[in-house]
Amino acid sequence: MLSRLGRRVGRRGIQLSAVRRNSQYTPYDPDAEPREEEQVDVCIVGAGPAGLSAAIRLKQLETETGKEVRVVVLEKGSEVGAHILSGAVIEPSALDVLLPDWKTTEHPLSQPVTSSSMRFFTEKYALPIPHPPQMNNKGNYIASLSRVAAWLGGIAEELGVEVYPGFAGARFLLSDSPDSSDAQGRNVHSVRGVITHDAGVTRQRTKSARFEPGIAFRARATLLAEGAHGSLSKTVISMYDLRHDAEPQTYGIGIKEVWRVDPAKYVPGKVVHAVGWPLNYQTYGGGWEYHMADGLVSIGLVVGLDYKNPWLEPYREFQRMKHHPHYRALLGGGERLAYGARSLTEGGLQSLPKLDFPGGALVGCAAGVVNTAKIKGTHNAMRTGMLAAETAFAALHPGTSFTAVASPATFTPAQGETESETETISLAAYNSSFPSSPAHKDLWGVRNLRPAFNTSLGLYGGVMYAGVDTLLGGRVPWTLRHHRTRIDSPDARATRPAVECAPIAYPPFEPPLSTDLMSSVALTGTNHAEGQAVHLRVMRPAEGEMSETAGRRREHVESNVGTYAGLLQRACPAGVYEYVPDDGGKAVPGNVEEEESAEGKKLVINSQNCIHCKLCDIKVPTQDITWTVPEGGGGPKYTLT
């Protein structure tokens, strides 16, 4: 893999030093490792719609003004689009702004929506209910977001953006001394760029014979476009207290399959959304059915991760959903082609953090701009990417005139001259411009709908409130809170002890309609380099824990098995976590003295199965699973999702 990455980088002008060939494992200290450095203007982490829109917009401004800007996009997937998953019905408003002539080119948005409806599911019936106006899909398109990202990636490269798939942004380059202030006015170090993941680190966290240090991309601005709950985004939000004036984020897990159905059952452009069964009225979520181009149908289920019952299994709920007569009739005689899962933000406007930080900014789902009522976020993600790009360009080239398109009525770039061509720039104007932007307006009108489902009436209370709020267009003098009191990690803390909840009896699988988990994971193409360090770490960095210990694992097992019935073993949609009988073995690398088991169980992490959904980091009640990036190129290889 390293030689492949080296060839790819070499083609784009970055020179890698010769790979070190160590005959023995040697100690590993990432802070002390010498690295190649590259100076860039803007480093974007994540090649999704937000990151690529930012990159494209920066290069468009370069063409418009004649002012050069070096833009690098780092993507942890093996190819652009390999880690992208969504429903997806796409609202093209942002695309119309970014690429006004896109419809005249070859593009992947080939299936317009032809009908849109809503159903309330009981165990046997699918009852039509009024379709909320926010979910109107006239003019929208059904597409694979993975393919849309790949298409945008090609456009970005044609414009001169340096796109590096297989390069995972692992940690920040920081200033040598405090030179900035955080949200509370405290002196802090600024972000000066990103270091990519070191390759060839063993499970014992030593350097193997194939060790190759990551590259340090020193940037004047760093845009984080990792999607929901990215590792760098999580770090920067905590480091700079960006949620100081916002509520904690709340999430859902979306599980999806793509089927080729009987042509007699295929209705091009048909969109159906559903609420109710198989989820109970206290669990937020719903299903979808999107008839894509070429005889394909996307079906899926979103489950709010603030669900209370630790016995609930999102994957089994989705498989049970397909046993409903509606889906049984649709999928009968069909062929399942793809499977995947990904966490998504649901907090909306109330959970939006401060968007800029010293040295960079959050864009797209890294910030959390999904419109939960519309069940769409791509348009807002692209809007934030464009707005951040215009802000960055104006700061890189102060005094340069250009036509702002992301939020033309309100865009006001900061004034002032930069002192050098390497110092970091401020993106504060991005944060200050956002409240008057189209993306903010889109979120403001639906801000109360998701928290309305958090009352004791659950689904029914939410639906009733949504009806009233819809009539008023969100123009009410109040903003509901997701939680009565501010708590960190609200989705994890919503979980009740297993003894307070009823176990759930799921029906047996009925292949090929419904299948066991590992059969589904096989469709993701997920893979991680053999022998690399486990990227799912049992530790609490927020409490100063920077390495794993047997004691921490023991506490994890004791609480999660003893109190929460091994929640992760059921919640993970890729079979990564198992609580197995203790056989006396040691799972923590290098642990030879301490006992790590509890309740007669120990934790086994099958990291090779990981599809990068981030559910574990969000939902584990003990908040001691830290998702970090594996070696670049690892993970799923989505193409239809």
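User: So a crossing is left-handed if the near helix is turned anticlockwise from the far one by less than a right angle, and right-handed if clockwise. Which crossing do helix 2 and helix 4 make?

Analyst: Helix 2 goes past helix 4 in a left-handed crossing. Bear in mind that this is a predicted model, where local features need pLDDT of at least 70 and side-chain atom pairs count only at pLDDT 80 or more, while totals for chains, interfaces and linings use all residues. Residues are numbered from 1 along each chain as its sequence is written, and side-chain values use heavy atoms, leaving out hydrogens and water.

User: What counts as a helix or a strand here?

Analyst: Both are DSSP runs numbered from the N terminus: helices are H or I with at least four residues, strands are E with at least two.

User: Back to helix 2 and helix 4, at what angle do they cross?

Analyst: Roughly 20 degrees, and the axes of helix 2 (residues 49-65) and helix 4 (residues 145-158) come within 9 Å. That angle makes helix 2 roughly parallel to helix 4. Angles under 35 degrees count as roughly parallel, over 145 as roughly antiparallel, 65 to 115 as roughly perpendicular and the rest as oblique. The axes are lines fitted to C-alpha atoms, for helices over the stretch in contact, with angles from 0 to 180 degrees between N-to-C directions.

User: Which residues of helix 2 and helix 4 make the contact?

Analyst: From helix 2 they are P49, L52 and I56, and from helix 4 they are L145, A149, L152, G153, I155 and A156. Contact means heavy atoms within 4.5 Å. Eight of the residues in this contact are nonpolar, one is polar and none is charged. Here Ala, Val, Leu, Ile, Met, Phe, Trp, Tyr, Cys and Pro are nonpolar, Asp, Glu, Lys and Arg are charged, and the others, Gly among them, are polar.

User: And how do helix 2 and helix 8 pack?

Analyst: Their axes are 7 Å apart at an angle of about 40 degrees, helix 8 being residues 378-396. So helix 2 is oblique to helix 8, and the crossing is right-handed.

User: Where's the hairpin?

Analyst: Strand 6 and strand 7 form it, with four residues between them. Strand 6 (residues 115-121) runs antiparallel to strand 7 (residues 126-129) over four bridges, and M118 sits opposite I129.

User: Last one: is P508 buried or exposed?

Analyst: P508 counts as exposed, because its relative accessibility is 62%. The cut-offs are under 20% relative accessible area for buried, over 50% for exposed and partly exposed in between (1.4 Å probe, protein chains only). P508 sits in the loop between helix 12 (490-493) and helix 13 (517-521).

User: What does P508 touch?

Analyst: H323 and S514, not counting residues up to four places away in sequence.

Note on methods. Two strands pair if DSSP finds at least two bridges between them.
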